[in-house]
Amino acid sequence: MNLTKLFTAEDLIVDFKPADKWEAISQLVDHLCEVGRIPEAAAEASRDAVLLREQSMSTGMEHGIAIPHGAVDGLDEIAACMGIVGGDEGLAFESIDGGMTRLVVVLVIPRNTNLNNSQPLGGPQPDPAFPL
């Protein structure tokens, strides 16, 4: 999966300063709605899906990264944005390594998407000159 297809420049929020992880998720989903990446009809379901997933288990990974996500109906493609946490301390996200989060990536995924067949985020990208 090519990250440049997931994110545009406007989907990168620098000096992001939410009060907590719940506000971070809400603000990032709101951003996706405001820029039209999530249709108005799917806005509430998108927010609820990501918050519900986070309630079931923290998506705080290691090395300062959190990837809250949820699957919803009503989307044609993955909607994603990224907040770079401002300030010196970072954001508490109940991360696996116990560290503070500096990068929050929200993914709202169409429910019918089969991610098992997708290229991993950040993984090797096939060369378009040599189609598989």
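This is a predicted model: local features need pLDDT of at least 70, side-chain atom pairs count only at pLDDT 80 or more; totals for chains, interfaces and linings use all residues.
The structure holds 6 salt bridges, and another of them involves Arg-47 and Asp-30, whose closest N and O atoms are 2.2 Å apart. This pair, too, links distant parts of the chain, with Arg-47 in helix 3 and Asp-30 in helix 2, 17 residues apart. As background, side chains of opposite charge can pair when their charged atoms come close.

A further salt bridge joins the side chains of Arg-111 and Asp-73, at 3.4 Å from N to O. Arg-111 lies in the segment after strand 5, while Asp-73 sits in the loop between strand 3 (69-72) and strand 4, so the pair ties together parts that are 38 residues apart in sequence. Asp-73 counts as exposed, because its relative accessibility is 53%.

Now let us return to helix 2 and follow it along. The helix covers residues 21-34, and its 14 residues should span 20 Å at 1.5 Å a residue; the end C-alpha atoms are 20 Å apart, which agrees. At its start, a side-chain oxygen of Asp-20 reaches to within 3.1 Å of the backbone nitrogen of Trp-22. Just after the helix, Gly-36 takes a positive phi of about 85 degrees. Buried residues of helix 2 include Ala-24, Ile-25, Leu-28, Val-29 and Leu-32. An α-helix has 3.6 residues a turn, so residues three or four places apart point the same way. What covers the buried residues of helix 2? The cover includes strand 1 (12-16), helix 3 (43-56), strand 4 (79-85) and strand 5 (103-110).

Strand 4 deserves a visit of its own. Of its 7 residues, 6 are buried, so this strand is largely enclosed by the rest of the structure. Strand 4 pairs with strand 1 in the parallel sense over 3 bridges, and Phe-16 stands opposite Val-85 in strand 4. Strand 4 and strand 5 run antiparallel, joined by 6 bridges; here Ala-79 stands opposite Val-108 in strand 5.

Cys-81 counts as buried, because its relative accessibility is 0%. How far is the sulfur of Cys-81 from the closest cysteine sulfur? That sulfur, in Cys-33, is 9.6 Å away, too far for a bond. The count of disulfides comes to 0.

Finally, look at the loop between strand 4 and strand 5, where Thr-101 is found. Thr-101 counts as buried, because its relative accessibility is 0%. A polar contact of 3.3 Å joins the side chains of Thr-101 and Ser-95. Leaving aside residues up to four places away in sequence, Thr-101 touches several others, among them Gly-64, Ile-65, Ala-66, Leu-91 and Phe-93. Val-85, which stands opposite Phe-16, is also touched by Thr-101.

Definitions and conventions: Residues are numbered from 1 along each chain as its sequence is written. Side-chain values use heavy atoms; hydrogens and water are left out. Helices (H or I, at least four residues) and strands (E, at least two) are DSSP runs, numbered from the N terminus. The expected span of a helix is 1.5 Å times one less than its number of residues. Buried means under 20% relative accessible area, exposed over 50%, partly exposed in between (1.4 Å probe, protein chains only). Contact means heavy atoms within 4.5 Å. A polar contact is a pair of N or O atoms within 3.5 Å; within protein, one must be able to donate a hydrogen and the other to accept it, and residues adjacent in sequence count only if both atoms are side-chain atoms. Two strands pair if DSSP finds at least two bridges between them. A disulfide is a pair of cysteine sulfur atoms within 2.5 Å. A salt bridge is a side-chain nitrogen of Lys or Arg within 4 Å of a carboxyl oxygen of Asp or Glu.
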